[in-house]
Amino acid sequence: MTSGVGLVRLTVNGQPATENLAGACAGFAIPGCTFLLSGGLGAGKSTFARAFVRALIGADEEVPSPTFTLVQQYGPIDRGGVDIEIWHADLYRLGDPDEVLELGLDEAFGTAICLIEWPDRLGSFAPNDAIELIFDFAADKGAGSEVREVIARVPDKWRADFAAACEKAGVEVRGPDE
Ligand SMILES: Nc1ncnc2c1ncn2[C@@H]1O[C@H](COP(=O)(O)OP(=O)(O)OP(=O)(O)O)[C@@H](O)[C@H]1O
Ligand SMILES: [Mg+2]
């Protein structure tokens, strides 16, 4: 494990819990904060991103999956005198990591809040101080279960904020070995 990064396991009990977690994360995120959202088809990445955007922009905001556009931008909105922009990317169809530059994502990592689905496509452009959430279906539950297991890799600089967000959302947090 990289030093300066904490690993925790979360059990997210239903879609509303994922949405609450996303809303609580939106509460502490500032420009320059990136969430890398990994996991298989239907694991919950877009559900997290949609709730995150709506928490900041407004509950009625249309948040389409950027499957074909690759990137959707929201804002800027004013939060406490700070202009906040959100970039939501779905990089499943990204052909080459160099397209990250064409999309302007490398710059956005420094200036916006970024939510990135399929971040493995970023190659070396992935910011190393990002919060990484890996969504998976709960192994011991049947098909159609709404329970998700999430592995979170959280850099030290976000550790306290992320722990508080989990608590606020009522999400169960365990250490890496439990
Ligand atoms: N705990 C949960 N968290 C998130 N979504 C859940 C949960 N339980 C059930 N779901 C359902 O699982 C689906 C998750 O779909 P979502 O689009 O978020 O997945 P995704 O990871 O973005 O997949 P894709 O890679 O296809 O874009 C939704 O239909 C949602 O209602
Ligand atoms: Mg998705």
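**Strands, burial and the ligand shell**

Analyst: S2 and S5 pair in the parallel sense over four bridges. The model is predicted: local features need pLDDT of at least 70, side-chain atom pairs count only at pLDDT 80 or more, and totals for chains, interfaces and linings use all residues. Residues are numbered from 1 along each chain as its sequence is written, while chains are lettered from A and ligands numbered from 1 in the order in which they are written.

User: What makes S2 and S5 a pair?

Analyst: Two strands pair if DSSP finds at least two bridges between them. S2 and S5 have four bridges, so the pair meets that definition. Phenylalanine 35 stands opposite leucine 115 in S5, and threonine 34 stands opposite cysteine 114. Strands and helices are themselves DSSP runs, numbered from the N terminus: H or I with at least four residues for helices, E with at least two for strands.

User: How many bridges join S4 to S5?

Analyst: Five bridges join S4 (residues 82-90) to S5, and the two strands run parallel. In this pair, isoleucine 86 has isoleucine 113 of S5 as its bridge partner.

User: In what order do the eight strands form the open sheet, and which are the edge strands?

Analyst: The order is S3-S4-S5-S2-S6-S7-S1-S8, with mixed pairing. S3 (71-79) and S8 (172-174) are the edge strands, because each pairs on one side only. From one strand to the next the twist averages 20°.

User: Why is alanine 43 called buried?

Analyst: A residue is buried if 20 or more other C-beta atoms, placed from the backbone, lie within 10 Å of its own, exposed if 12 or fewer, and partly exposed in between. Alanine 43 has 21 such atoms within 10 Å, so it is buried. Its place is in the loop between S2 (34-39) and H2 (45-57). Leaving aside neighbours within four places in sequence, alanine 43 is in contact (C-beta atoms within 7 Å) with Phe135, Asp136, Phe137 and Arg148. The C-alpha atoms of alanine 43 and phenylalanine 137 are separated by 6.4 Å, although the two are 94 residues apart along the chain.

User: Which residues are closest to ligand 1?

Analyst: The closest are Thr18, Gly44, Ser46, Thr47 and Glu146, out of 17 residues that surround ligand 1; a residue counts as near if its C-beta atom, placed from the backbone, lies within 6 Å. H1 (15-28) and H2 are the elements that give two or more residues to this shell.

Notes. Two residues are in contact if their C-beta atoms, placed from the backbone, lie within 7 Å. Axes are lines fitted to C-alpha atoms, for helices over the stretch in contact, and angles run from 0 to 180 degrees between N-to-C directions.
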